[in-house]
Amino acid sequence: MEGGGVLLHLRLFCFALLGGGLLSTSLAQPSLLNSSTLEMFVDQLPHLPKIFAYDVVSGVPKSKSLEIGMFNKKWKFHRDLPPTPVYAYGVSEDTATVPGPTIEALHGIDTYVTWQNHLPQNHILPLDTTITTAIPANGKGIPTVVHLHGGIDEPASDGHLNSWFTAGFKEKGPTWAKETYHYHNQQHPGNLWYHDHAVGLTRTNVLAGLAGAYIIRHPELEAPLGLPSGDEFDRLLIVFDRSFRTDGSVYVNSTGDNPSIHPHWRAEYFGDAIIVNGKAWPRLTVRRRKYRFRILNASNTRFLRFFFTNGLGFTHVSSDSAYLNQPVVSNEFLLGPSEIADVVVDFSNSKNDVAILANDAPYPYPGGNPVNEANSKVMKFIIVNRPEVDTWKIPKKLMDYPGPDVSSALQTRYIAMYEYTSANGQPTHLYLNGKSFTSPVTETPKVGTPEVWYVINLTQDNHPLHIHLGLFVAMDQTELVNVDEFKNCMMRLNDAIKCQISKYARGKKIEVPAYEKGWKNVFKIRPGFVTKILVRFSYIHSNASYPFDATVEPGYLYHCHILEHEDNEMMRPLKLVN
């Protein structure tokens, strides 16, 4: 395992060299706003603007080229809150939104996007250059790069953390390859999202507003399902948390957990205001019939456990980017950061005319603070009090994707999650497999073949694991016994076999929830558990090969999707081979 002391020495040296990190906001700032002073449910749930990622010529869909920019503007998160400085995606500054516009693609139709950086020289949020951070050579501009989360595309279009660029492409990261990204849209239909992924800046750029949804539709397969469709009945809910200052600006505690090491980096970000589609605790009037909600947890750190206060249930039809094989009913469900639940809610089952979508997940999850009045509410549904004929249905079968076949796996890997602390017990950095991101690649899957990964969480937090390009099924979760003894061995040897993992992975088993048993690109790794997943580096809907070379540079990534963690080393390179 790499020595944490050397890393900290280098970081402190860089901190001194750069004058203590770039804090772009003034030290004299307005005070933190008490979110409970904002009245809930006063703003309507916005319809997010759409950008169609294809043209239709003589009735035939054709590939399309898009230009989407990142703009510095102001956004109204609440009726009674002053406009908030944000970074927003859009085709122009006037039309840019938080979250960004929903990109709608068609299966089999290529899309080309030129992501354009129009951001100013200095950031609106505090930065910390003592963690590995994209820094332009001339010291000017805000590095950005866009990752299409859930996309199955070439490495050069994956949004590698070092493929960043500044305004006008004046400065570029070491793995930058081209201005226009190519999204093949050859994969199964489903829900994706795009967000910033610049090294050391993901947490701050996403907090500033750089996130949006991307949907791949396949009408021939999806229309026969009869699920709710159309703008009224098929709605995106992009949920995240923020805190604000009294002047409306986003509040970030700029004092680090270990300020003598990292002046501004903190291991978590939590805001008390729950934002849905860019509005704090919005409301939506619905009819007494079925609605489809594609719910994305776009929070940096917060887990969200959703339920209705009036007892309404959910029917899950998809998880992350892939349909389930059959619907699953639940009364509540947990989403980690970056996870997507695709559910149908039948409001005709409501016994009253109001339903509050609520959250009761502790923060940090699972052993943190209980929710309060502000962060326990998500949004309000006002249900029209008259019956309707509902033409939508929930089919007994959805998609027929193959299940995980362990017998075909060519490789078994052990992936360990570590957190390192200073003398005061506060975190300094986090590693996967005891290695920094810049250490040589150790995970080299073969294109087209599955692997079994045993993911070992030796920390106290739940970490949502995201694997670029790959799809995986969580198969079982086994508690570690005598975990401190095993952890001590792992901290010394960093080798699960030498530390006799089979001796310790024999505690209770937690069944994977039925609504998460399909193919996913993120899964929540329980603390003190070993989670077995089968990872597939091929399509799930067909035997076709990738229409691109997945083995070329800069390769792919896998990481914890708590943004504060991935920004501080909890990420590793993934290099595919033939």
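Two strands count as paired if DSSP finds at least two bridges between them. The model used in these exercises is predicted.

**Exercise 1.** Find which strands pair with E20, and in what sense.

Solution. Start with strand E15, residues 290-297: seven bridges join it to E20, and the two run antiparallel. In this pairing Lys290 lies opposite Asp346 of E20. Then take strand E17, residues 314-319, which is joined to E20 by four bridges, again antiparallel. Here Thr315 faces Val344 of E20.

**Exercise 2.** Decide whether the residues of strand E20 are buried or exposed.

Solution. A residue is buried if its relative accessible area is under 20%. In E20, residues 340-346, seven of seven residues are buried. Next, sort them by direction: Ile340, Asp342, Val344 and Asp346 point one way, while Ala341, Val343 and Val345 point the other way. Residues on both sides of E20 are buried.

**Exercise 3.** Work out which strands stand at the edges of the open five-stranded sheet, and why one side of each is left without a neighbour.

Solution. Write down the strand order, E14-E22-E21-E16-E19, and note that the pairing is mixed. E14 (283-288) and E19 (332-335) are at the edges; each has a single partner strand, so one side of each has no neighbour in the sheet. From one strand to the next, the twist averages 25°. Inside the order, look at E16 (residues 304-308) and E21 (residues 354-359): they pair in the antiparallel sense over three bridges. Phe306 is placed opposite Asn359 in E21.

How values were computed. Residues numbered from 1 in each chain as written. Predicted model: local features only at pLDDT ≥ 70, side-chain atom pairs only at ≥ 80, totals over all residues. Heavy atoms only, no water. Axes fitted to C-alpha atoms, helices over the stretch in contact; angles between N-to-C directions. Buried < 20%, exposed > 50% of the residue type's maximum accessible area, 1.4 Å probe, protein only.
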